[in-house]
Amino acid sequence: MQFIIHTTGKLSDRRIIEYLKGVAEEFDGNLLPFNYGPLSIPVAEIESISDSNERYLITEASARTDANELLVTFKRGKSGQGSDGQTNHALRIPSPYFDEIIITPNKQNQPSIDDCMRLELFTNDFIELHVPEEITSEANGASQLLHKEMAGLTKLHRQMVSTAEKQRFTYEAEHQQRLSTLEEEKQKQFAAID
């Protein structure tokens, strides 16, 4: 296999930048210029377009890992099929619902299995991936994506409730400790007065 394609739900520019910067930092790599259609956005100016979570200007963006072992590329839409019937990520099919992350290992300087697994885990942790089943229509795919995103929101909600509950117990324990300390000080003051 020459590349690995992950289909995701539509990603905002901010999420793309966060993800690729995370890849570059995690793997001691670097960002490459981002594309807005045929225009190239220099790496130094990328932060200026990440201030809004509602922008969808970036059409293609990439990061390389250390020693150019892996190239991680984000592209809008979905990959098409070439005349030979093989997936061709250079052929893009516009989609209002999906984007793709394409991981390409370097053939000459092959990455270790450990680096590949770390990148897969990083990708899976950062982005809620859409695992397409047999999609018969774009509307069906959108429905599947919404179900997947609802599952992700449910998971996030459970994590938030669990974290809030733990924090509440911590605050209650601290409050009880402060009350005990105040009660002891109060008893000492009354004892000193007597």
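Modeller: Gladly, starting with helix 1 and helix 2 (residues 113–126): their axes come within 11 Å and cross at roughly 150°. Axes here are lines fitted to C-alpha atoms, for helices over the stretch in contact, with angles from 0 to 180 degrees between N-to-C directions. This is a predicted model, in which local features need pLDDT of at least 70 and side-chain atom pairs count only at pLDDT 80 or more, while totals for chains, interfaces and linings use all residues. Residues are numbered from 1 along each chain as its sequence is written, and side-chain values use heavy atoms, with hydrogens and water left out.

Colleague: Why are helix 1 and helix 2 called roughly antiparallel?

Modeller: The crossing angle is roughly 150°. Angles under 35 degrees count as roughly parallel, over 145 as roughly antiparallel, 65 to 115 as roughly perpendicular and the rest as oblique. Helix 1 and helix 2 are therefore roughly antiparallel.

Colleague: What makes Arg-76 and Asp-99 a salt bridge?

Modeller: The closest N and O atoms of Arg-76 and Asp-99 are 2.8 Å apart. The criterion is a side-chain nitrogen of Lys or Arg within 4 Å of a carboxyl oxygen of Asp or Glu, so the pair of Arg-76 and Asp-99 qualifies as a salt bridge. This pair links distant parts of the chain, with Arg-76 in strand 6 and Asp-99 in strand 9 (residues 98–105), 23 residues apart. The structure holds eight salt bridges.

Colleague: How do you know that Arg-76 is buried?

Modeller: Its relative accessible area is 13%. Buried means under 20% relative accessible area, exposed over 50%, and partly exposed in between (1.4 Å probe, protein chains only), so Arg-76 counts as buried. Asp-99 is buried too. Beyond neighbours up to four places away in sequence, Arg-76 touches residues including Lys-10, Asp-13, Tyr-56, Arg-92 and Asp-99.

Colleague: And which label does Asp-13 get, buried or exposed?

Modeller: Asp-13 counts as buried, at 0% relative accessibility. Asp-13 is found in helix 1 (residues 13–26), and its C-alpha atom is separated by 5.4 Å from that of Tyr-56, 43 residues apart along the chain.

Colleague: What makes Arg-92 partly exposed?

Modeller: Arg-92 has 27% relative accessibility, so it counts as partly exposed. Its salt-bridge partner is Glu-100, with the closest N and O atoms 3.1 Å apart. Glu-100 is buried, with a relative accessible area of 4%.

Colleague: Why are Arg-118 and Asp-115 said to be about one helical turn apart?

Modeller: Because Arg-118 and Asp-115 are three residues apart in helix 2, about one helical turn separates them. Asp-115 is buried at a relative accessible area of 16%, whereas Arg-118 is partly exposed at 29%. Elsewhere, salt bridges that share partners join Lys-10, Asp-13, Arg-76 and Asp-99 into one network. As for Arg-118 and Asp-115, their side chains meet in a salt bridge of 3.0 Å, N to O.

Colleague: How many helices and strands does the chain have?

Modeller: Three helices and nine strands. They are DSSP runs numbered from the N terminus: helices are H or I of at least four residues, strands E of at least two. Along the sequence the pattern reads β-α-β-β-β-β-β-β-β-β-α-α. Of the 194 residues in the chain, 31% are buried.

Definitions and conventions:
Contact = heavy atoms within 4.5 Å.
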